Amino acid sequence: DHAELCRTVPGRLKAMDIAVPIYRDAGYAGWQVDFGARLIRYFNGGRNQFGYRRWKYPSQSPHPFASALQNRDRLESVVAFTDQRIDWPDRMAIDAALDAEDMGATIRNFTSVESLSPGLNGLWQLRLADRIQSDQVTDVSAHIVLNLGGAGVDRVIDCVRTNHDVRRKITAVKGVYILARLPPEYQA
């Protein structure tokens, strides 16, 4: 949750301004993006923490990217918002694991789930294999299993033996995959 991260680990977040062009043939209109932003604001208790704004006339946009966009003849509007990049996310994961260990959890690094199935009395039955000592296999049971496999979450789900349909969690999406240092005229 964005608000919780802002409250609990503000030092780990770095603000970055994102601009998105909306072209006439994009398959969605500016009003639809506005509606999505309003929904986010609604579910966020009315707070506009992400600084959403849209310029209906790109030539009037003060955003530095607007003047450098391609295919300006097809440009309908420009959307901009502020997002938070998590600085050192692996450290946040380690801190969460250490907190869990302080509360009684058992932490197993370099361990893969070989099988996972619901067992008796509401307990999950797991077979764990140590990836460093390949001959070490351990059977454990737990009330709660947290799948923190990151991009490998579906590999863990594939191990689940149950009558319930468990759907894939990771799908390919568009997004920002490359961050680059910008020339001074584009830096805020």
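Colour the protein chain by pLDDT (the predictor's confidence in each residue, from 0 to 100): this predicted model averages 81, and 85% of the residues score at least 70. Confidence is lowest in helix H1 (residues 2-8), with a mean of 75, and highest in strand S2 (residues 53-55), at 92. Helices (H or I, at least four residues) and strands (E, at least two) are DSSP runs, numbered from the N terminus.

Residues are numbered from 1 along each chain as its sequence is written. Local features need pLDDT of at least 70 and side-chain atom pairs count only at pLDDT 80 or more, while totals for chains, interfaces and linings use all residues; side-chain values use heavy atoms, with hydrogens and water left out.

Next, select helix H2 (residues 30-43). Show Gly30, Asp34 and Ala37, the buried residues of H2 (buried means under 20% relative accessible area, exposed over 50%, partly exposed in between; 1.4 Å probe, protein chains only). Looking down the axis, these buried residues fall within an arc of 60° (directions from the axis to the C-beta atoms), so they line one face of the helix. They pack against strand S1 (13-23), S2 and S3. On the face turned away, find the exposed Tyr42 and Phe43. Just after H2, glycine 45 has a positive phi of about 70°.

Finally, select Trp55. Its contacts (heavy atoms within 4.5 Å) are Ser61, Pro62, His63, Ser77, Val78 and Ala80, leaving out residues up to four places away in sequence.
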